[in-house]
Amino acid sequence: MFVQEEKIFAGKVLRLHVCTMEGAEWLEEVPEDTTVEKLKERCLKHCVPGSLEDPKTVTHHKLIHATSEKVLTDTKTVLEENIQDRDVLLLVRKRAPTLLPKMADVVAEEKRKQEQKAPDKDAILKATANLPARSVDRTMTHHNMRDFPFLQFQTELRKILVSLIEVAQKLLALNPDAVELFKKANAMLDEDEEDRVDEIALRQLTEMGFPESRAVKALRLNHMSVTQAMEWLIEHADDPSVDAPLPGQAPAEAPAEGAASSAEAAAGPSSEEGGEEAKDELTEIFKKIRRKREFRPDPRAVIALMEMGFDEKEVVDALRVNNNQQNAACEWLLGDRKPSPEDLDKGIDTNSPLFQAILENPVVQLGLTNPKTLLAFEDMLENPLNSTQWMNDPETGPVMLQISRIFQTLNRT
């Protein structure tokens with residue numbers, strides 16, 4: 001009997017379990033000397049009938065050994081790839097390769113970026129060289145801004161607060177327990193959380209490996225946002241001035257000295273001291289309160305304005321005059337610088353109908369005997385952005401509401 005030669009020397013037949021990403025499954029029987037490419041062609045006939053007419057179909061697919069997660073090589077045989085009987089193979093379509101951009105598209109994109117780029121100083125001077133010079137009356141512009149009711153109230157409120165602080169100090173000084181009251185007021189300031197750093201946010205940054213001092217600075221610059229603080233730390237990692245204290249920030253030893261002063265103030269005079277010594281102590285406490293409520297400029301605004309070439313003292317004055325508003329401070333620095341920082345310490349005319357109406361209000365009268373009201377006035381005087389906090393306070397809010405109503409009523413008449 002004649003037997004074909006290929007059957008005598010045929011390799012072992014393997015039964016392979018093939019599946020696709022679409023969920024199709026079947027058994028494929030192939031000799032172990034079959035190439036992976038031939039096996040792939042047979043598999044494609046099951047799942048994509050008629051697709052082999054396109055020669056690219058085979059090259060666009062691949063077989064993966066499920067157990068080893070290995071991509072099988074087309075030119076090798078099943079035996080060479082060490083595939084065993086009943087192994088599972090996965091037939092998947094290859095990802096389309098990322099096309100490289102055309103040179104013309106790259107050139108066009110670069111040209112578009114150059115067109116959108118902000119002009120430098122020389123380009124601006126060249127483009128505006130033939131324009132007629134114009135002088136802007138900044139005084140008139142500033143005056144017109146004051147015509148807005150809200151801004152007008154903010155301007156007058158500062159004068160009102162300056163005068164009310166003087167009245168409140170005199171009233172509280174007449175109180176037999178004045179020294180004790182202001183010791184409590186001083187203690188309130190020691191508990192102020194404005195200079196505190198969010199401990200959870202600080203711990204997150206230090207656990208990432210950032211130094212604590214830098215993390216504190218980054219959090220203060222970014223309003224306690226961990227994400228923004230982390231970005232700032234990474235961006236300024238190689239900045240030689242990264243560890244420099246923020247402009248206007250007290251040295252590290254200052255809080256300790258302030259705490260010692262508060263402790264000395266808390267000790268207070270003995271019962272044997274006379275009225276003059278009590279008044280001196282009260283004066284010292286007033287000074288401590290004032291020092292603690294000194295104006296705190298926005299560090300970001302200070303840095304931005306100083307980068308424009310302005311001196312730090314000028315920048316701090318500008319931000320103080322303009323309630324920490326960077327754009328307004330820049331206008332002030334470039335303009336006639338009115339009002340001056342000295343004008344901020346001037347109070348309202350105590351004989352004016354507005355001030356008299358405020359003093360005659362029962363709610364205001366009662367509030368002026370509360371040390372917390374004095375603290376609120378001091379704080380709003382140097383940090384106007386904190387006004388909202390005091391407006392929402394159950395003790396100081398009613399006083400501020402009455403002042404606002406009286407001002408609006410008299411301003412309409």
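Colleague: Which strands does helix H2 lie across?

Modeller: Helix H2, residues 36-47, lies across strand S1 (13-20), S2, S3 and strand S5 (88-93), and H2 runs at about 150 degrees to S2. Axes here are lines fitted to C-alpha atoms, for helices over the stretch in contact, with angles from 0 to 180 degrees between N-to-C directions. Helices (H or I, at least four residues) and strands (E, at least two) are DSSP runs, numbered from the N terminus.

Colleague: What should I know about the model before reading on?

Modeller: This is a predicted model, in which local features need pLDDT of at least 70 and side-chain atom pairs count only at pLDDT 80 or more, while totals for chains, interfaces and linings use all residues. Residues are numbered from 1 along each chain as its sequence is written, and side-chain values use heavy atoms, with hydrogens and water left out.

Colleague: What is the strand order in the open sheet?

Modeller: The open sheet has 5 strands in the order S2-S1-S5-S3-S4, with mixed pairing, where two strands pair if DSSP finds at least two bridges between them. Its edge strands are S2 (25-31) and S4 (70-71), each of which pairs on one side only.

Colleague: And in which sense do S3 and S4 pair?

Modeller: Strand S3, residues 61-65, pairs with S4 in the antiparallel sense over 2 bridges, and Ile 64 stands opposite Val 71 in S4.

Colleague: What is the phi of Asn 82?

Modeller: Asn 82 has a positive phi of about 60 degrees although it is not a glycine, whereas most residues other than glycine have a negative phi. Arg 86 also has a positive phi, of about 70 degrees, and is not a glycine either. Asn 82 sits in the loop between S4 and S5, and Arg 86 is found in the loop between S4 and S5 as well.

Colleague: Are those two buried or exposed?

Modeller: Asn 82 is exposed, at 55% relative accessible area, and Arg 86 is exposed at 54%. Buried means under 20% relative accessible area, exposed over 50% and partly exposed in between, using a 1.4 Å probe and protein chains only.

Colleague: Changing topic, which residues touch the most other members of the largest nonpolar core?

Modeller: Of its 25 residues, Ile 160, Leu 164, Leu 354, Ile 358, Phe 377, Met 380 and Ile 403 touch the most other members. A nonpolar core is a set of buried Ala, Val, Leu, Ile, Met, Phe, Trp, Tyr and Cys residues joined through side-chain atoms within 4.5 Å. Helices H7 (149-174), H17 (353-360), H19 (371-382) and H21 (397-412) are the elements that give two or more residues to this core, and H7 gives the most, with 8 residues. Apart from this core lies another, of 16 residues, among them Leu 16, Cys 43, Leu 72 and Leu 91.

Colleague: Last one: at what angle do H15 and H16 pack?

Modeller: Helix H15 (residues 312-321) and helix H16 (residues 326-334) pack at about 120 degrees, with axes 8 Å apart. That makes H15 oblique to H16, because angles under 35 degrees count as roughly parallel, over 145 as roughly antiparallel, 65 to 115 as roughly perpendicular and the rest as oblique.

Methods. Contact means heavy atoms within 4.5 Å.
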